[in-house]
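Work through the exercises below with the sequence and the 3D structure beside you. Try each task before you read its solution.

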Amino acid sequence: MIVRALLCFAVLFLVAGQDEGQEQEEDKPGGVTFWGLTVTMTCPRNGKWFKEKKEVSEGPDYAFEYDNKKARYHCTYENKRYDFYVQGKVCENCFELDGGFWGMIIAADMFLTVVVMVMVYKCAKKRSSAALPRVPKASEPSHPLPGNVLRGPPEEDGLE
């Protein structure tokens, strides 16, 4: 059983190693990333960058400081053209929050709520019986007298 598992892992790693070599020959996807005031555009391959038909850079990536103005960019590589239309709002101190971040916040909040609920339940749980002990009133004697014994008049000391 262990030998089969090791053989499966070995085949998996061999196949994964072959895929990496093939990816380098294929085009990677292009894209635009905004971070703070910086915009970074990625061309599928190493090429020349143009802004409105004027060459501005060369390489697979082009980064610049965005000034909130629309612009058309494109990169050319191997007689192919990859176009970008950049329009967005940027600020110096802003950052992007993705769905995974919010999901983790919600999960952590739910976990902490359950922990607080368990703590309150454990602390509020009664550790004694439900009935409270009876406290005698001041008019009642501290120890009960037998029911058939009558009390006589108080004795007088030293009047004889």
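**Exercise 1.** For residues 101-121, state how far apart the end C-alpha atoms lie and what percentage of the span is helix.

*Solution.* The end C-alpha atoms of residues 101-121 lie 31 Å apart, and the span is 100% helix and 0% strand, where helices (H or I, at least four residues) and strands (E, at least two) are DSSP runs, numbered from the N terminus. As a next step, compare this with the record: an unreviewed UniProt entry lists residues 101-121 as "transmembrane region", and such annotations, given in the numbering used here with shortened feature names, may be inferred rather than shown by experiment. The model itself is predicted, with local features needing pLDDT of at least 70 and side-chain atom pairs counting only at pLDDT 80 or more, while totals for chains, interfaces and linings use all residues. Residues are numbered from 1 along each chain as its sequence is written, and side-chain values use heavy atoms, with hydrogens and water left out.

**Exercise 2.** Describe the secondary structure of the chain, and find out what share of its residues is buried.

*Solution.* Counting the elements gives two helices and five strands, and reading along the sequence gives the pattern α-β-β-β-β-β-α. Of the 160 residues in the chain, buried ones make up 13%; buried means under 20% relative accessible area, exposed over 50%, and partly exposed in between (1.4 Å probe, protein chains only).

**Exercise 3.** Find how strand S4 is paired with S2 and with S5.

*Solution.* Begin with strand S4 (residues 71-77), in which five of the seven residues are buried. Two strands pair if DSSP finds at least two bridges between them. Strand S2 (residues 38-51) runs antiparallel to S4 and is joined to it by four bridges, and Phe-50 has His-74 in S4 as its bridge partner. On turning to strand S5 (residues 80-86), we find seven bridges to S4, again in the antiparallel sense, with Arg-72 standing opposite Tyr-85 in S5.

**Exercise 4.** How many aromatic pairs does a search of the whole structure find, and why is the pair of Tyr-82 and Phe-84 tilted?

*Solution.* The search finds seven aromatic pairs. In the pair of Tyr-82 and Phe-84 the ring centres are 5.4 Å apart and the planes stand at 55 degrees, so the pair is tilted: rings of Phe, Tyr and Trp (its six-membered ring) pair if their centres lie within 6.5 Å, and planes under 30 degrees apart count as stacked, over 60 as edge-to-face and the rest as tilted. Tyr-82 is partly exposed, with a relative accessible area of 29%, whereas Phe-84 counts as buried at 7%. Finally, ring pairs link Trp-49, Tyr-62, Phe-64, Tyr-73, Tyr-82 and Phe-84 into a cluster.

**Exercise 5.** Is Phe-101 buried or partly exposed?

*Solution.* Phe-101 lies in helix H2 (residues 99-124), and because its relative accessible area is 40%, Phe-101 is partly exposed.
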